[in-house]
Amino acid sequence: MQRWLFLLFMALSVPSFSQQRCASRQPFTTASPAAAESRSLITIPLVVHIVWYEPEENLSDAQIQSQAAVLNQDFRALNSEIASVPGPFAGDVADMEIEFCLVAVTRTQTSFPNIANLYSGGRRRACHTSLGGHDALDPEHYLNVWVSARNDGACGEGTFPDDPQAPAEEQGIFIRPDCFGTTGTAAAPFNLGRTTTHEIGHYLNLKHLWGEGLEDPFCQSDDMVEDTEEQAYSYSEFIGGNCPVHPSFSCGTADMFMNFMNLPADRCMSMFTHGQKARARAAIQAFRPGLLEASCLPVAIEAEPANEEGPALLYNPASAEIALLLPRKDKYEIAIFDAAGRLVFRNPNAFGTPHYIPSELFINGIYYIKIRNGRKIHVKKLIIAR
Ligand SMILES: [Zn+2]
(Lines give C-alpha, C1' and ligand atoms only; values in the text may rest on other atoms or scores of the structure.)
Protein backbone atom coordinates (compact mmCIF):
# COMPACT_ATOMS: atom_id res chain seq x y z
CA MET A 1 0.00 0.00 0.00
CA GLN A 2 2.68 2.47 0.97
CA ARG A 3 4.79 1.62 -2.03
CA TRP A 4 1.81 1.83 -4.33
CA LEU A 5 1.02 5.23 -2.93
CA PHE A 6 4.64 6.30 -3.38
CA LEU A 7 4.66 5.22 -7.02
CA LEU A 8 1.37 6.92 -7.59
CA PHE A 9 2.80 10.12 -6.18
CA MET A 10 5.95 9.86 -8.26
CA ALA A 11 3.83 9.40 -11.37
CA LEU A 12 1.57 12.31 -10.58
CA SER A 13 4.01 14.77 -9.09
CA VAL A 14 5.06 16.27 -12.42
CA PRO A 15 4.18 19.94 -11.99
CA SER A 16 1.38 21.17 -14.17
CA PHE A 17 -0.96 24.10 -13.98
CA SER A 18 -4.00 21.92 -13.56
CA GLN A 19 -2.62 20.46 -10.32
CA GLN A 20 -1.33 23.70 -8.87
CA ARG A 21 -4.20 24.48 -6.56
CA CYS A 22 -2.33 27.06 -4.51
CA ALA A 23 -0.08 29.63 -6.17
CA SER A 24 1.42 31.17 -3.04
CA ARG A 25 5.16 31.85 -3.17
CA GLN A 26 6.83 30.33 -0.14
CA PRO A 27 9.80 32.46 0.88
CA PHE A 28 12.91 30.39 1.52
CA THR A 29 14.00 32.32 4.56
CA THR A 30 11.13 33.21 6.80
CA ALA A 31 11.72 34.44 10.30
CA SER A 32 9.75 32.43 12.81
CA PRO A 33 9.70 34.39 16.03
CA ALA A 34 9.28 32.14 19.02
CA ALA A 35 6.26 32.85 21.14
CA ALA A 36 4.29 30.98 23.72
CA GLU A 37 0.83 29.90 22.65
CA SER A 38 -1.29 32.80 23.68
CA ARG A 39 -4.77 32.30 24.99
CA SER A 40 -6.70 35.30 23.83
CA LEU A 41 -9.13 35.55 20.97
CA ILE A 42 -8.06 37.61 17.95
CA THR A 43 -10.73 38.91 15.58
CA ILE A 44 -9.54 39.80 12.09
CA PRO A 45 -11.75 42.10 10.01
CA LEU A 46 -12.21 41.05 6.39
CA VAL A 47 -12.73 43.31 3.41
CA VAL A 48 -13.89 41.35 0.37
CA HIS A 49 -13.27 42.84 -3.06
CA ILE A 50 -15.34 41.20 -5.78
CA VAL A 51 -13.62 42.07 -9.06
CA TRP A 52 -15.71 40.51 -11.81
CA TYR A 53 -15.59 40.21 -15.58
CA GLU A 54 -18.23 37.56 -16.25
CA PRO A 55 -21.53 38.34 -14.48
CA GLU A 56 -21.48 35.00 -12.61
CA GLU A 57 -18.23 36.10 -10.94
CA ASN A 58 -20.18 38.85 -9.17
CA LEU A 59 -20.92 36.58 -6.22
CA SER A 60 -24.00 36.94 -4.03
CA ASP A 61 -23.81 38.29 -0.51
CA ALA A 62 -24.93 34.83 0.64
CA GLN A 63 -21.87 33.21 -0.95
CA ILE A 64 -19.59 35.75 0.74
CA GLN A 65 -21.28 35.17 4.10
CA SER A 66 -20.91 31.40 3.66
CA GLN A 67 -17.14 31.85 3.38
CA ALA A 68 -16.95 33.91 6.57
CA ALA A 69 -18.92 31.17 8.34
CA VAL A 70 -16.41 28.51 7.22
CA LEU A 71 -13.50 30.57 8.54
CA ASN A 72 -15.16 30.96 11.92
CA GLN A 73 -15.48 27.19 12.14
CA ASP A 74 -12.07 26.20 10.78
CA PHE A 75 -10.07 28.66 12.91
CA ARG A 76 -12.00 27.70 16.07
CA ALA A 77 -11.82 23.91 15.51
CA LEU A 78 -15.60 23.83 15.22
CA ASN A 79 -15.80 22.19 11.78
CA SER A 80 -17.58 18.84 11.62
CA GLU A 81 -14.62 17.02 9.99
CA ILE A 82 -12.64 17.27 13.26
CA ALA A 83 -14.51 14.19 14.41
CA SER A 84 -12.78 12.09 11.74
CA VAL A 85 -9.21 13.17 12.55
CA PRO A 86 -7.28 9.89 13.09
CA GLY A 87 -6.60 9.05 16.75
CA PRO A 88 -2.82 9.67 16.67
CA PHE A 89 -3.43 13.27 15.54
CA ALA A 90 -6.44 14.07 17.74
CA GLY A 91 -4.26 15.64 20.43
CA ASP A 92 -2.63 17.90 17.86
CA VAL A 93 -5.88 19.64 16.86
CA ALA A 94 -5.72 23.31 17.85
CA ASP A 95 -8.35 25.96 18.29
CA MET A 96 -6.47 28.85 16.60
CA GLU A 97 -8.59 31.30 18.63
CA ILE A 98 -8.90 33.49 15.57
CA GLU A 99 -12.27 34.73 14.36
CA PHE A 100 -13.25 36.88 11.40
CA CYS A 101 -15.77 39.64 10.88
CA LEU A 102 -16.85 40.94 7.49
CA VAL A 103 -16.69 44.74 7.53
CA ALA A 104 -17.05 45.64 3.86
CA VAL A 105 -17.66 44.26 0.39
CA THR A 106 -16.68 46.15 -2.74
CA ARG A 107 -17.92 45.21 -6.20
CA THR A 108 -15.99 46.21 -9.30
CA GLN A 109 -16.72 45.32 -12.90
CA THR A 110 -13.40 45.01 -14.69
CA SER A 111 -12.51 44.94 -18.36
CA PHE A 112 -9.75 42.38 -17.67
CA PRO A 113 -10.67 38.68 -17.76
CA ASN A 114 -8.67 36.54 -15.29
CA ILE A 115 -7.40 39.64 -13.54
CA ALA A 116 -6.16 37.78 -10.44
CA ASN A 117 -2.89 36.80 -12.07
CA LEU A 118 -2.41 39.85 -14.29
CA TYR A 119 0.33 42.39 -13.64
CA SER A 120 1.09 45.78 -15.15
CA GLY A 121 4.60 47.14 -14.70
CA GLY A 122 5.10 44.77 -11.76
CA ARG A 123 1.89 45.89 -10.05
CA ARG A 124 -0.90 43.45 -9.47
CA ARG A 125 -3.94 44.68 -11.38
CA ALA A 126 -6.54 43.25 -8.99
CA CYS A 127 -5.16 45.39 -6.14
CA HIS A 128 -5.41 48.78 -7.85
CA THR A 129 -8.51 50.70 -8.86
CA SER A 130 -6.45 52.50 -11.49
CA LEU A 131 -5.46 49.18 -13.09
CA GLY A 132 -8.94 47.67 -13.30
CA GLY A 133 -9.16 46.15 -9.82
CA HIS A 134 -9.92 47.65 -6.43
CA ASP A 135 -7.53 49.30 -3.97
CA ALA A 136 -6.87 47.55 -0.68
CA LEU A 137 -8.49 49.06 2.36
CA ASP A 138 -5.92 49.96 5.04
CA PRO A 139 -3.93 46.70 4.71
CA GLU A 140 -2.34 46.98 8.14
CA HIS A 141 -5.70 46.84 9.89
CA TYR A 142 -7.81 44.73 7.53
CA LEU A 143 -7.33 41.45 5.73
CA ASN A 144 -8.11 42.23 2.10
CA VAL A 145 -9.60 39.35 0.13
CA TRP A 146 -9.76 39.73 -3.66
CA VAL A 147 -12.20 37.33 -5.29
CA SER A 148 -11.57 37.22 -9.02
CA ALA A 149 -10.95 34.83 -11.88
CA ARG A 150 -7.54 33.52 -12.95
CA ASN A 151 -6.36 31.19 -15.68
CA ASP A 152 -3.24 29.59 -14.19
CA GLY A 153 -5.12 26.65 -12.68
CA ALA A 154 -4.73 27.83 -9.09
CA CYS A 155 -7.74 28.21 -6.81
CA GLY A 156 -6.03 30.73 -4.60
CA GLU A 157 -2.94 32.51 -3.38
CA GLY A 158 -1.94 34.17 -0.13
CA THR A 159 0.89 36.60 0.54
CA PHE A 160 3.40 35.75 3.26
CA PRO A 161 3.97 38.64 5.68
CA ASP A 162 7.57 39.17 4.57
CA ASP A 163 7.08 38.48 0.86
CA PRO A 164 9.34 41.07 -0.82
CA GLN A 165 7.28 40.83 -4.01
CA ALA A 166 4.07 41.86 -2.26
CA PRO A 167 4.05 45.51 -1.12
CA ALA A 168 1.59 46.50 1.61
CA GLU A 169 -1.16 47.47 -0.82
CA GLU A 170 -0.97 44.02 -2.47
CA GLN A 171 -0.95 42.02 0.78
CA GLY A 172 -3.89 39.73 1.35
CA ILE A 173 -5.38 36.70 -0.31
CA PHE A 174 -6.68 35.99 -3.81
CA ILE A 175 -9.43 33.43 -4.33
CA ARG A 176 -11.07 32.24 -7.52
CA PRO A 177 -14.88 32.73 -7.43
CA ASP A 178 -15.64 29.03 -7.92
CA CYS A 179 -13.39 28.16 -4.93
CA PHE A 180 -15.01 30.70 -2.56
CA GLY A 181 -17.66 29.93 0.04
CA THR A 182 -20.02 26.97 0.09
CA THR A 183 -22.96 28.08 -2.04
CA GLY A 184 -23.70 29.88 -5.31
CA THR A 185 -20.89 29.30 -7.82
CA ALA A 186 -18.65 27.30 -5.43
CA ALA A 187 -17.85 24.07 -7.28
CA ALA A 188 -16.69 20.67 -6.02
CA PRO A 189 -14.11 19.59 -4.97
CA PHE A 190 -13.31 23.15 -3.76
CA ASN A 191 -16.79 24.01 -2.53
CA LEU A 192 -16.36 23.99 1.25
CA GLY A 193 -14.39 27.22 1.58
CA ARG A 194 -11.07 25.56 2.46
CA THR A 195 -9.05 27.39 -0.20
CA THR A 196 -9.62 30.58 1.79
CA THR A 197 -8.73 28.84 5.07
CA HIS A 198 -5.48 27.58 3.48
CA GLU A 199 -4.52 30.93 1.94
CA ILE A 200 -5.14 32.78 5.20
CA GLY A 201 -2.76 30.22 6.67
CA HIS A 202 -0.07 31.54 4.30
CA TYR A 203 -1.07 35.15 5.09
CA LEU A 204 -0.35 34.23 8.74
CA ASN A 205 3.06 32.77 7.79
CA LEU A 206 2.14 29.07 7.69
CA LYS A 207 3.92 26.99 5.08
CA HIS A 208 2.82 23.86 3.29
CA LEU A 209 3.45 20.77 5.40
CA TRP A 210 5.96 19.40 2.92
CA GLY A 211 8.03 22.60 2.97
CA GLU A 212 9.31 24.35 -0.14
CA GLY A 213 8.33 23.82 -3.76
CA LEU A 214 5.40 21.97 -5.29
CA GLU A 215 6.34 18.82 -3.37
CA ASP A 216 9.41 17.57 -1.48
CA PRO A 217 9.96 13.94 -2.55
CA PHE A 218 13.38 13.71 -0.89
CA CYS A 219 12.22 15.12 2.45
CA GLN A 220 14.70 17.99 2.30
CA SER A 221 12.63 20.89 3.56
CA ASP A 222 10.19 21.46 6.36
CA ASP A 223 7.36 23.77 7.36
CA MET A 224 9.23 25.00 10.48
CA VAL A 225 6.50 23.63 12.74
CA GLU A 226 7.41 20.84 15.17
CA ASP A 227 4.13 19.00 15.60
CA THR A 228 3.61 18.49 11.86
CA GLU A 229 5.98 15.67 10.95
CA GLU A 230 8.25 15.86 7.91
CA GLN A 231 6.19 15.11 4.83
CA ALA A 232 6.97 14.67 1.12
CA TYR A 233 3.76 15.25 -0.79
CA SER A 234 0.95 17.75 -1.16
CA TYR A 235 -1.95 15.27 -1.48
CA SER A 236 -3.22 17.42 -4.34
CA GLU A 237 -4.03 14.23 -6.26
CA PHE A 238 -6.88 13.58 -3.84
CA ILE A 239 -9.41 15.92 -5.38
CA GLY A 240 -11.77 13.33 -6.85
CA GLY A 241 -12.92 10.06 -5.30
CA ASN A 242 -11.86 9.14 -1.81
CA CYS A 243 -9.83 11.10 0.70
CA PRO A 244 -6.40 9.72 1.69
CA VAL A 245 -6.48 6.92 4.25
CA HIS A 246 -4.54 6.92 7.51
CA PRO A 247 -1.80 5.83 7.86
CA SER A 248 -0.17 7.23 4.70
CA PHE A 249 3.58 7.35 5.21
CA SER A 250 6.34 9.55 3.85
CA CYS A 251 9.70 10.62 5.28
CA GLY A 252 9.39 7.81 7.84
CA THR A 253 6.23 8.95 9.58
CA ALA A 254 2.48 8.93 9.02
CA ASP A 255 1.41 12.09 7.21
CA MET A 256 -1.08 14.56 8.64
CA PHE A 257 -2.74 14.75 5.22
CA MET A 258 -5.90 16.28 6.71
CA ASN A 259 -4.03 19.43 7.80
CA PHE A 260 -5.36 22.64 6.21
CA MET A 261 -1.88 23.39 4.82
CA ASN A 262 -2.03 20.41 2.45
CA LEU A 263 -3.96 20.38 -0.83
CA PRO A 264 -6.51 17.56 -1.00
CA ALA A 265 -10.18 18.22 -1.75
CA ASP A 266 -11.93 20.59 0.65
CA ARG A 267 -13.84 17.75 2.32
CA CYS A 268 -10.56 15.98 3.20
CA MET A 269 -9.12 18.91 5.22
CA SER A 270 -9.92 19.49 8.86
CA MET A 271 -7.26 20.85 11.22
CA PHE A 272 -4.46 23.17 12.29
CA THR A 273 -2.00 22.14 15.02
CA HIS A 274 -0.78 23.81 18.22
CA GLY A 275 2.57 24.47 16.53
CA GLN A 276 0.86 26.17 13.61
CA LYS A 277 -1.20 28.19 16.06
CA ALA A 278 1.92 29.44 17.83
CA ARG A 279 3.62 30.29 14.52
CA ALA A 280 0.58 32.12 13.12
CA ARG A 281 0.00 34.12 16.28
CA ALA A 282 3.69 35.01 16.53
CA ALA A 283 3.47 36.25 12.93
CA ILE A 284 0.55 38.52 13.81
CA GLN A 285 2.55 40.00 16.70
CA ALA A 286 5.70 40.44 14.60
CA PHE A 287 4.42 41.31 11.14
CA ARG A 288 0.76 42.25 11.31
CA PRO A 289 0.26 43.95 14.70
CA GLY A 290 -2.27 46.35 13.17
CA LEU A 291 -4.75 43.47 13.06
CA LEU A 292 -4.72 43.40 16.87
CA GLU A 293 -6.19 46.89 17.10
CA ALA A 294 -8.60 46.43 14.23
CA SER A 295 -12.30 47.14 14.45
CA CYS A 296 -15.28 45.09 13.33
CA LEU A 297 -17.40 48.18 12.76
CA PRO A 298 -18.83 48.15 9.24
CA VAL A 299 -16.88 50.39 6.88
CA ALA A 300 -18.37 52.38 4.02
CA ILE A 301 -15.86 52.38 1.17
CA GLU A 302 -16.30 55.19 -1.33
CA ALA A 303 -19.77 54.41 -2.59
CA GLU A 304 -22.13 56.70 -0.69
CA PRO A 305 -25.89 56.68 -0.90
CA ALA A 306 -26.74 59.38 -3.40
CA ASN A 307 -28.72 61.48 -0.95
CA GLU A 308 -26.38 61.17 2.04
CA GLU A 309 -23.14 63.03 1.78
CA GLY A 310 -20.19 61.40 3.51
CA PRO A 311 -16.90 63.07 4.34
CA ALA A 312 -14.66 63.71 1.37
CA LEU A 313 -11.14 64.79 0.55
CA LEU A 314 -11.12 68.07 -1.35
CA TYR A 315 -7.72 67.45 -2.92
CA ASN A 316 -6.12 64.04 -3.51
CA PRO A 317 -3.16 64.02 -3.96
CA ALA A 318 -2.82 66.75 -1.35
CA SER A 319 0.01 69.25 -1.51
CA ALA A 320 -0.03 72.29 0.79
CA GLU A 321 -2.75 71.01 3.08
CA ILE A 322 -5.20 68.19 3.54
CA ALA A 323 -8.72 69.58 3.16
CA LEU A 324 -11.64 67.51 4.40
CA LEU A 325 -15.31 68.12 3.78
CA LEU A 326 -17.09 67.11 6.99
CA PRO A 327 -20.77 67.47 6.16
CA ARG A 328 -22.29 66.90 9.59
CA LYS A 329 -22.29 69.61 12.24
CA ASP A 330 -21.00 67.41 15.06
CA LYS A 331 -17.46 66.25 15.69
CA TYR A 332 -15.47 63.72 13.73
CA GLU A 333 -12.55 61.58 14.85
CA ILE A 334 -9.72 61.64 12.33
CA ALA A 335 -6.78 59.23 12.32
CA ILE A 336 -4.11 59.04 9.64
CA PHE A 337 -1.94 55.93 9.17
CA ASP A 338 1.14 55.64 7.02
CA ALA A 339 1.53 52.82 4.48
CA ALA A 340 3.13 50.63 7.18
CA GLY A 341 0.06 51.04 9.39
CA ARG A 342 1.62 53.39 11.95
CA LEU A 343 -0.66 56.01 13.41
CA VAL A 344 0.91 59.34 12.42
CA PHE A 345 -1.87 61.80 13.20
CA ARG A 346 -5.01 61.83 15.34
CA ASN A 347 -7.61 64.44 16.12
CA PRO A 348 -10.61 63.16 18.09
CA ASN A 349 -12.51 66.46 17.82
CA ALA A 350 -12.36 67.62 14.22
CA PHE A 351 -15.22 69.75 12.95
CA GLY A 352 -16.05 72.46 10.44
CA THR A 353 -15.95 72.21 6.70
CA PRO A 354 -13.58 72.37 5.04
CA HIS A 355 -11.39 71.09 7.86
CA TYR A 356 -7.68 71.64 7.21
CA ILE A 357 -4.69 69.57 8.35
CA PRO A 358 -1.30 71.01 7.41
CA SER A 359 0.50 68.61 5.11
CA GLU A 360 3.99 69.55 6.33
CA LEU A 361 3.30 67.17 9.24
CA PHE A 362 3.81 64.32 6.77
CA ILE A 363 6.48 63.14 4.36
CA ASN A 364 5.38 62.45 0.79
CA GLY A 365 3.74 59.09 0.32
CA ILE A 366 0.62 56.99 0.62
CA TYR A 367 -1.55 57.25 3.75
CA TYR A 368 -4.88 55.95 4.94
CA ILE A 369 -7.20 58.43 6.57
CA LYS A 370 -9.90 57.07 8.84
CA ILE A 371 -12.82 59.40 9.51
CA ARG A 372 -15.27 58.35 12.19
CA ASN A 373 -18.58 59.98 12.95
CA GLY A 374 -20.53 58.01 15.52
CA ARG A 375 -20.80 54.43 14.28
CA LYS A 376 -19.87 55.27 10.72
CA ILE A 377 -16.26 54.90 9.66
CA HIS A 378 -14.91 56.00 6.32
CA VAL A 379 -11.42 55.00 5.21
CA LYS A 380 -9.81 56.75 2.30
CA LYS A 381 -6.46 56.40 0.63
CA LEU A 382 -4.61 59.70 0.72
CA ILE A 383 -1.56 60.64 -1.29
CA ILE A 384 0.63 63.47 -0.07
CA ALA A 385 2.85 64.98 -2.76
CA ARG A 386 4.28 68.40 -2.01
ZN1 LIG B 1 -0.62 26.94 -0.38
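The model is a predicted one, where local features need pLDDT of at least 70, side-chain atom pairs count only at pLDDT 80 or more, and totals for chains, interfaces and linings use all residues. Residues are numbered from 1 along each chain as its sequence is written.

Strand β1 (residues 42-52) runs parallel to strand β5 (residues 143-147), and five bridges join the two. Strands here are DSSP runs of E with at least two residues, helices are runs of H or I with at least four, and both are numbered from the N terminus. Two strands count as paired if DSSP finds at least two bridges between them. Strands of a sheet pair through backbone hydrogen bonds, either parallel or antiparallel.

Beyond its neighbours within four places in sequence, leucine 46 is in contact with Ala68, Phe100, Cys101, Leu102, Val103, Leu143 and Val145. Contact means that the C-beta atoms, placed from the backbone, lie within 7 Å.

## The five-stranded sheet

Five strands form an open sheet with mixed pairing, in the order β2-β1-β5-β7-β6. At the edges stand β2 (98-109) and β6 (156-158), and each has a single partner strand, so one side of each is left without a neighbour in the sheet. From one strand to the next, the twist averages 20°.

Helix α2 (residues 61-74) packs on this sheet and touches β1 and β2, its direction making about 160° with that of β2. Helix α4 (residues 194-203) lies across β5, β6 and β7 (173-175), at about 20° to β6. For these angles, axes are lines fitted to C-alpha atoms, for helices over the stretch in contact, and values run from 0 to 180 degrees between N-to-C directions.

## The nonpolar core

Now meet leucine 46 again: in the largest nonpolar core, of 82 residues, Leu46, Val145, Trp146 and Val147 have the most contacts. Such a core is a set of buried Ala, Val, Leu, Ile, Met, Phe, Trp, Tyr and Cys residues joined through C-beta atoms within 7 Å. Buried means that 20 or more other C-beta atoms lie within 10 Å of a residue's own.

Strand β1 gives the most to this core, with six residues. Domain 1 (2-293) and domain 2 (304-384) both contribute residues, so the core lies between them. The domain bounds come from an automatic or database domain assignment.

Notes. Two residues are in contact if their C-beta atoms, placed from the backbone, lie within 7 Å. A residue is buried if 20 or more other C-beta atoms lie within 10 Å of its own, exposed if 12 or fewer, and partly exposed in between; C-beta atoms are placed from the backbone.
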